[in-house]
Amino acid sequence: GVALWHRGSGGGWTTLGSVPLAAEDFSEQLAALRDKASKGTGRARRAVIRIPRSEVLLSKVRVGVFEGEAAVRHAHKQIAEMSPYDMDEISFDLGEKGVGNMAPVGIVARQTLIEAEAFAKQNGFDPLYFTTQYAEREFTREPLFYIGAAKAAAKPLWFVPWVAAAS
């Protein structure tokens, strides 16, 4: 289903509600949930969209002694080998280097992000960025994915898990 979460003043997330994908009145229930979140204003809400974990590859790449942009360039070949897509068809997030000069990497098809963004916008949400469910052993922070170039995102107030089957 689709769930809507709100970030509280302490930074934690609480659920405002959810709508099952099989609901006969899915669109109406989702609109009611959005209106609840926007306090009846009907305006789009800034949101983080969580892509289903099954659509995202989380792995590790060797970045050697490199840091920053040099580490990203060094990781490109390994990322290209891991992904069934061309580099211009994916979005990836390279995490901080850790033990053994390895860094976590998250890879998602750009088309998946485009579909998730379209679904969110169609339902009155304004996506800031995309993420996925992860374990701390896979990624030490929330993986961040963007359709275009990465940009600094303001803290979102809403979190909308997105399900690929919903589009």
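This is a predicted model: local features need pLDDT of at least 70, side-chain atom pairs count only at pLDDT 80 or more; totals for chains, interfaces and linings use all residues.

I began with contacts (heavy atoms within 4.5 Å). Residues 24 or more positions apart account for 62% of the contacts in the protein with a separation of 6 or more.

Residues are numbered from 1 along each chain as its sequence is written, and side-chain values use heavy atoms, with hydrogens and water left out.

Next I looked up the elements, taken as DSSP runs (helices H or I, at least four residues; strands E, at least two) and numbered from the N terminus. I found 3 helices and 8 strands, in the order β-β-α-β-β-α-β-β-α-β-β from the N terminus on.

Then I turned to burial, where buried means under 20% relative accessible area and exposed over 50%, with partly exposed in between (1.4 Å probe, protein chains only). Of the 167 residues, 40% count as buried.

Which residues of α1 are buried? In this helix, residues 26-37, I listed Phe 26, Leu 30, Leu 33, Arg 34 and Ala 37. They sit on the same side of α1, because their arc (directions from the helix axis to the C-beta atoms) covers only 100° around the axis. The face turned away from that buried side carries the exposed Glu 28 and Lys 36.

My last stop was Ser 91 in strand β5 (residues 90-94). Ser 91 is buried, at a relative accessible area of 6%. Its side chain reaches the backbone oxygen of Tyr 146 at 3.0 Å.

Terms used
The expected span of a helix is 1.5 Å times one less than its number of residues. A polar contact is a pair of N or O atoms within 3.5 Å; within protein, one must be able to donate a hydrogen and the other to accept it, and residues adjacent in sequence count only if both atoms are side-chain atoms.
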